[in-house]
Amino acid sequence: MDKNQLIKDKLFLYKLHDGDLTYYGLTKDPQNRLNSHKTKSNNCRSSLLDKDKMTFEILKTLENITYIDCLKEESDLIRNNECVNRQVSYNSKEDKAEYWRKYYKDNEERIRTRNLKYYTKNIDNMREKSLTYYYKHAHTQNKKYNCLCGGKYTHRHKADHNRTKIHQDYLIKDGTYPNL
Ligand SMILES: [Zn+2]
């Protein structure tokens with residue numbers, strides 16, 4: 001269907017209300033649509049409404065307009081009124097671009113502060129992590145061990161120790177190395 005063509009049948013903008021929550025919709029067949037809202041398998045946002053208290057009201061009959069204009073009407077309702085609808089059915093690219101332009105403009109200061117905060121926090125975190133790592137690592141590296149050969153070594157110098165005469169002699173005495 002070409003959304004820019006005039007609609008053939010009438011469409012209805014309607015409101016579901018349960019005394020507390022509101023849902024807005026667009027339909028060709030109000031009765032059928034209301035029934036589908038009332039079914040148990042209804043998985044649209046209208047299922048948040050209390051089915052027993054739900055009232056159905058046609059707000060506007062749309063005819064001789066394009067389908068895209070119908071969607072715009074529905075979107076305006078959703079945007080400008082408190083309701084459970086999450087998705088705005090019509091969102092042109094220009095709308096979205098305009099939305100974000102406005103969002104950044106209105107929130108410029110907040111966004112800048114947030115980014116700065118995030119950055120600062122992250123730097124602190126990184127610094128802290130690397131210090132913790134350093135100390136933990138340094139601790140492990142310098143941990144002293146008593147070797148079975150009677151010698152001592154630190155974790156860092158274990159390989160050096162293994163090459164010392166005292167250790168090599170021990171391995172030979174121990175039988176690990178054959179005495180050639
Ligand atoms: Zn040793």
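1. Two strands count as paired if DSSP finds at least two bridges between them, and strands themselves are DSSP runs of E, at least two residues long, numbered from the N terminus, as helices are (H or I, at least four). Here, β1 and β2 run antiparallel and are joined by 6 bridges.

2. A word on the source: this is a predicted model, where local features need pLDDT of at least 70, side-chain atom pairs count only at pLDDT 80 or more, and totals for chains, interfaces and linings use all residues. Residues are numbered from 1 along each chain as its sequence is written.

3. Back to that pair of strands. β1 and β2 make a hairpin with 4 residues between them, and Gly19 in the turn has a positive phi of about 95 degrees. Across the pair, Leu13 faces Leu26 in β2, while Tyr14 sits opposite Gly25 in β2.

4. What is the order of the strands in the open sheet? The 3 strands go β2-β1-β3, with antiparallel pairing. β2 and β3 (55-62) are the edge strands, each pairing on one side only.

5. Next, the core, meaning buried Ala, Val, Leu, Ile, Met, Phe, Trp, Tyr and Cys residues joined through C-beta atoms within 7 Å; buried means 20 or more other C-beta atoms within 10 Å of a residue's own, with C-beta atoms placed from the backbone. The largest nonpolar core has 7 residues, among them Tyr14, Tyr24 and Leu77. β1 (11-17), β2 (22-27) and α2 (67-80) each supply at least two of its residues.

Methods. A residue is buried if 20 or more other C-beta atoms lie within 10 Å of its own, exposed if 12 or fewer, and partly exposed in between; C-beta atoms are placed from the backbone.
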